[in-house]
Amino acid sequence: MSDSLRAESESSSALRWSLYAGGYAFGCAALTAFLLSDLLGLFAEVIGLPPVAGMPLLATPALVVGAVVWWALVERRDAPTYLRGAAFGLLTALLTGTLWTVRFVSVWSVEMLTAGPVPLLVGFVLGAVAVAGVLVGLPITYARRRSRRASDAAATASSL
């Protein structure tokens, strides 16, 4: 396989895996949102999301954030390590949570973010999704590492 074809193949593989990671992050974020739906349902209502679609809408930013973070941390560095996979999950979860916190502030103002139990609730949710994010990053890293090993073995066999 020529170097240019290999580089093109690796580039399309990196893009494909980044999109997989975004879809995977969305699925995991939607599952987490449904598990925390009692708390997040109130949050969705407060920021004006429709009650029927609130949980999937809360997970939607993870689709884009997950793809971008995966590409930046794992694919661009060409090293799908478990540490980077855990960092992918953590950053995706925290950035998604931060986007919704910014949305809350844009609706209710910064003062409301500091009122009563709100900081505790925000901290609890961000903490829960951070832990979930770290755990979520590991399986996709495992899959990517297996995929890379299989493609490396195929490339070695074809060059013989």
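**Reading the features of a predicted model**

Mentor: Helix H7 contributes the largest share of the nonpolar patch, four residues. Helices (DSSP runs of H or I, at least four residues) are numbered from the N terminus. The model is predicted, so local features need pLDDT of at least 70 and side-chain atom pairs count only at pLDDT 80 or more, while totals for chains, interfaces and linings use all residues. Residues are numbered from 1 along each chain as its sequence is written, and side-chain values use heavy atoms, with hydrogens and water left out.

Trainee: Is Leu135 buried or exposed?

Mentor: Buried means under 20% relative accessible area, exposed over 50%, and partly exposed in between (1.4 Å probe, protein chains only). Leu135, in helix H7, has a relative accessible area of 55% and is therefore exposed. Gly127, in helix H7 as well (residues 118-159), is partly exposed at 33%. Its C-alpha lies 9.8 Å from that of Gly97, although Gly127 and Gly97 are 30 residues apart in sequence.

Trainee: Why does Thr96 count as buried?

Mentor: Thr96 has a relative accessibility of 8%, and therefore counts as buried. Thr96 sits in helix H5 (residues 82-108). Leaving aside residues up to four places away in sequence, Thr96 touches Leu58, Pro61, Ala62 and Val65, contact meaning heavy atoms within 4.5 Å.

Trainee: What is the phi of Ser109?

Mentor: Most residues other than glycine have a negative phi. Ser109 is not a glycine, yet its phi is positive, about 85 degrees. Ser109 is found in the loop between H5 and helix H6 (110-113), and is partly exposed at 29%.

Trainee: How many aromatic pairs does the structure hold?

Mentor: Rings of Phe, Tyr and Trp (its six-membered ring) pair if their centres lie within 6.5 Å; planes under 30 degrees apart count as stacked, over 60 as edge-to-face and the rest as tilted. The structure holds three aromatic pairs. In one of them, Trp17 and Tyr20 have ring centres 5.3 Å apart and planes at 85 degrees, so this pair is edge-to-face. Both residues lie in helix H1 (residues 3-35), three residues apart, about one turn of the helix. Trp17 is buried at 11%, whereas Tyr20 is partly exposed at 43%.

Note on methods:
Helices (H or I, at least four residues) and strands (E, at least two) are DSSP runs, numbered from the N terminus.
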